[in-house]
Amino acid sequence: YAESGGQVGDQGEISSGAACLNLFRVLDTQKIQANVFGHHGELVTGELKVGDAVGAQVDHYQRNRTIRNHSATHLMHKALREVLGEHVSQKGSLVDAEKTRFDFAHHSAMTPEQIAQVERIVNEEILANAET
């Protein structure tokens, strides 16, 4: 997955040769053009050249954690609109394996009660999904 919409890109490895003789550690994936992706990282061993046949392995642990946090942004947006009103709109976000940050517009600071209500709604959705 390439970085998009506030969600970080995939991490993993690109390798070639027997026993991963040539190994590139991917720290980020970026969309360069519609169907062109760039992998940023570091060459750990050997060398990789244009035209080499390679294998790629996504870090599924990190990806799955990021996917869960991405889902949480959608749940949070829905809950914020329920609690604060339909005028609430997303203004940005950051989603990675460790956290989600959701930026939104509203005319005043949220009260502690509103924050607790949003948390309750999101947690109820998560628990309902876990039970199915």
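Trainee: How many positive and negative side chains does the chain have, and how far apart are the centres of the two sets?

Mentor: In this predicted model, local features need pLDDT of at least 70 and side-chain atom pairs count only at pLDDT 80 or more, while totals for chains, interfaces and linings use all residues. Residues are numbered from 1 along each chain as its sequence is written, and side-chain values use heavy atoms, with hydrogens and water left out. For charges, Lys and Arg count as positive, Asp and Glu as negative, and His and the chain ends are not counted; each charge is placed at NZ of Lys, CZ of Arg, CG of Asp or CD of Glu. That gives 12 positive and 18 negative side chains, with the two centres separated by 3 Å.

Trainee: Which pattern does the chain follow along the sequence?

Mentor: Helices (H or I, at least four residues) and strands (E, at least two) are DSSP runs, numbered from the N terminus. There are two helices and six strands here. Read in order, they give β-β-β-β-α-β-β-α.

Trainee: What radius of gyration does the chain have?

Mentor: The C-alpha atoms fill a box of roughly 60 × 35 × 20 Å along the principal axes. The radius is taken over C-alpha atoms, and the globule rule is 2.2 Å times the number of residues to the power 0.38. A compact globule of 132 residues would come out near 14 Å, but this chain has 20 Å.

Trainee: Is Ser16 buried or exposed?

Mentor: Ser16 sits in strand 1 (residues 12-16). Its contacts (heavy atoms within 4.5 Å), neighbours within four places aside, are Leu21, Asn22, Leu48, Ala53 and Val54. Buried means under 20% relative accessible area, exposed over 50%, and partly exposed in between, with a 1.4 Å probe and protein chains only. Ser16 has 9%, so the label is buried.

Trainee: What is the relative accessible area of Glu119?

Mentor: Glu119 belongs to helix 2 (residues 112-131). Its C-alpha lies 27 Å from that of Gly9, 110 residues away along the chain. Glu119 counts as partly exposed, because its relative accessible area is 46%.
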